[in-house]
Amino acid sequence: MNSVIETILNHRSIRKYEDKPLSEEQIQTIVESAQAASTSSYIQAYSIIGVKDKETKRKLAQLAGNQPYVETNGHFFVFCADFHRHDVIAEMEKKDLSTALESTEQFMVAIIDVALAAQNATLAAESMGLGACYIGGLRNELEEVSKLLKLPYHVIPLFGLTVGHPAGITDKKPRLPFKHVYHEETYEQTKKELTAYNEEISAYYNERTNGKRQDTWTGQMADMLSNPKRMYMKEFVEKQGFNKK
């Protein structure tokens, strides 16, 4: 055990923040930590948009499903898959890179690069005593988000990240059992661990809500996935020049 592992294992989403902006030093440290993450073949297929303007935050909060903590936080980061700079590279080097940039492989590279960078950013923020919360709700209205942030072709905003000084610390939500996630040699999945996890999650919600909520994880997942959302995504992604081949 060390301080890095303690920070990782202590993670929980923070949705209430003090009315205090991040310092420029904190912002730079978080972004530089994101940049230190591994990147496939040195491609660095991402960009980060920092949002301070209150009106822009308000509009993004609405687009993300009226999530108030998108508006009220110390700083809001938007993590984007970005091959626009590689379009510039193609022009500079006088080479046609469209086949590679439009491939499913490079789309996956961009998404993985973004995720690794964002997790580094989150860990850096939490190591400084700050709280953070990922905002996938930005994908509700990607056309409008892209217009608001003036994103060019070949850039997709994948998710946001609220960061700030916590106004309170929430309980840590239990994750899946170790044996249900880690498999040695071959894959094995059984109902036994899920049943035990359902009992743990139900108890967690029961205590957290004073008996008002006792739902299970499998029930949550079944209900959510029975109602597919953001089904425009494939069309939008291809329109932006990703995942076409």
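## Terms and basis

Two strands are taken to pair if DSSP finds at least two bridges between them, and the elements themselves are DSSP runs numbered from the N terminus, with helices (H or I) of at least four residues and strands (E) of at least two. The model is predicted, so that local features need pLDDT of at least 70 and side-chain atom pairs count only at pLDDT 80 or more, whereas totals for chains, interfaces and linings use all residues. Residues are numbered from 1 along each chain as its sequence is written, and side-chain values use heavy atoms, with hydrogens and water left out.

## The sheet

Four strands form an open sheet in the order β1-β2-β4-β3, and their pairing is antiparallel. At the edges stand β1 (46-51) and β3 (131-135), each of which pairs on one side only. From one strand to the next the twist averages 25°, where axes are lines fitted to C-alpha atoms (for helices over the stretch in contact) and angles run from 0 to 180 degrees between N-to-C directions.

Eight bridges hold β2 (residues 75-82) and β4 (residues 155-164) in antiparallel pairing. Within this pairing Phe79 stands opposite Phe159 in β4, while Val78 has Gly160 of β4 as its bridge partner.

Burial is counted by relative accessible area, with buried meaning under 20%, exposed over 50% and partly exposed in between (1.4 Å probe, protein chains only). Because 10 of the 10 residues of β4 are buried, this strand is largely enclosed by the rest of the structure. Strand β3 is mostly covered, with four of its five residues buried.

## Helices on the sheet

Helix α4 (residues 84-93) lies across β1, β2 and β4, and runs at about 45° to β2. Helix α6 (residues 104-127) also packs on the sheet, where it touches β1, β2, β3 and β4, and its direction makes about 10° with that of β4. Contact in this sense means heavy atoms within 4.5 Å.

## Aromatic pairs

Rings of Phe, Tyr and Trp (its six-membered ring) pair if their centres lie within 6.5 Å, with planes under 30 degrees apart counted as stacked, over 60 as edge-to-face and the rest as tilted. The structure holds eight such aromatic pairs. One of them is stacked, because the rings of Phe79 and Phe159 have centres 5.7 Å apart and planes at 25°. This pair links distant parts of the chain, since Phe79 in β2 and Phe159 in β4 are 80 residues apart.

Phe79 is buried at a relative accessible area of 1%, and Phe159 is buried at 14%. Together with Tyr134, Phe79 and Phe159 form one aromatic cluster.

## Nonpolar cores

A nonpolar core is a set of buried Ala, Val, Leu, Ile, Met, Phe, Trp, Tyr and Cys residues joined through side-chain atoms within 4.5 Å. The largest has 30 residues, and those with the most contacts inside it are Ile30, Phe79, Val163 and Phe242. At least two residues of this core come from each of α2 (24-35), β2, α6, β4 and α11 (233-239), and α6 gives the largest share, seven residues. A second, separate core of 19 residues includes Cys80, Cys133, Ile135 and Leu151.

Leaving out residues up to four places away in sequence, Val163 touches several residues, among them Tyr17, Leu22, Ile30, Phe77, Ala125 and Leu130.

## Away from the sheet

Helix α9 (residues 191-208) contains Ser202, which counts as buried at 18% relative accessibility. Apart from residues up to four places away in sequence, Ser202 touches Arg213, Gln214 and Asp215. Arg213 in turn lies over the face of Tyr205, at 3.7 Å from the ring centre, where a charge sits over a ring if NZ of Lys or CZ of Arg is within 6 Å of the ring centre and within 35 degrees of the ring normal.

Is Lys95 buried or exposed? Lys95, found in the loop between α4 and α5 (98-101), counts as exposed at 58% relative accessibility. The C-alpha atoms of Lys95 and His11 are separated by 44 Å, and the two residues are 84 residues apart along the chain.
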